[in-house]
Amino acid sequence: MELFGDFVYEERTDVYKFVVKRVINWKLASGVLRVVGNHIEDKTDSDVEAICFNNLNISSFPTGIENFFPNLKALTINSCGLEGITKFDLMGLKNLQQLTMNGNLIKTLPNNLFENTLALEIISFYGNQIEFIGPNIFDSLANLKYVNLKMNVNIDACHKTYGCGTTLSDLNKMIKENCQPQIHPVDFETFLE
């Protein structure tokens, strides 16, 4: 995968970021192989704290992005047709504080998804097709402040530690009730007949 875009400084948030404008997907190579763009004066790849993919066709998660931007704190992949995400996709993004993946085609959030990204504070999977979520997916995230799971197949909820919203405990109950496979006890007498 090759990424072409613009390096910009967002004054409002005081963040230097890379905004991806075009992606070339390689069938025989996975992950990010090259990043093309011109830095703002006195800035380098190490200064980049955020990367944004919006309305692009991405065939797979951009793994290896941390090799270019080692201090990445925010990753946004919105409306890019991404169908899945695993803990291996997030490996190497240990400084990640914000993960926004709105408007994709993701159906499953595995229980161990955030195993390698313990610094996460903000997570959004708004408007995907989520049917299954691991039962303890948020347990290891001590700094979690916001989770947006609104407008999905089996869940439509948002957790905020500030202001009004669903508590994390209530969100976990909703996940257990709506996003877990239902196991029905077997009536052995009926089964053996």
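F7 and Y16 are both buried, a term that here means under 20% relative accessible area, with exposed meaning over 50% and partly exposed in between (1.4 Å probe, protein chains only). This is a predicted model, in which local features need pLDDT of at least 70 and side-chain atom pairs count only at pLDDT 80 or more, while totals for chains, interfaces and linings use all residues. Residues are numbered from 1 along each chain as its sequence is written, and side-chain values use heavy atoms, with hydrogens and water left out.

**Aromatic pairs**

- Rings of Phe, Tyr and Trp (its six-membered ring) pair if their centres lie within 6.5 Å, and planes under 30 degrees apart count as stacked, over 60 as edge-to-face and the rest as tilted; by this rule there are five aromatic pairs.
- The pair of F7 and Y16 is stacked, with 5.9 Å centre to centre and 20° between the planes.
- F7 also pairs with F69, in an edge-to-face arrangement with 6.1 Å centre to centre and 80° between the planes.
- This second pair links distant parts of the chain, 62 residues apart, since F7 is in strand β1 (residues 2-10) and F69 is in the loop between β4 (50-54) and β5 (74-78); strands (E, at least two residues) and helices (H or I, at least four) are DSSP runs, numbered from the N terminus.
- F7 counts as buried because its relative accessibility is 6%, and F69 is buried with a relative accessible area of 0%.
- One aromatic cluster is formed by F7, Y16, F18 and F69.

- A charge sits over a ring if NZ of Lys or CZ of Arg is within 6 Å of the ring centre and within 35 degrees of the ring normal; R22 lies over the face of F4, at 4.4 Å from the ring centre, and K43 lies over the face of Y16, at 5.5 Å from the ring centre.
- K17, in strand β2, is buried, with a relative accessible area of 14%.
- The side chain of K17 makes a polar contact with the side chain of E10 at 2.8 Å, where a polar contact is a pair of N or O atoms within 3.5 Å; within protein, one must be able to donate a hydrogen and the other to accept it, and residues adjacent in sequence count only if both atoms are side-chain atoms.
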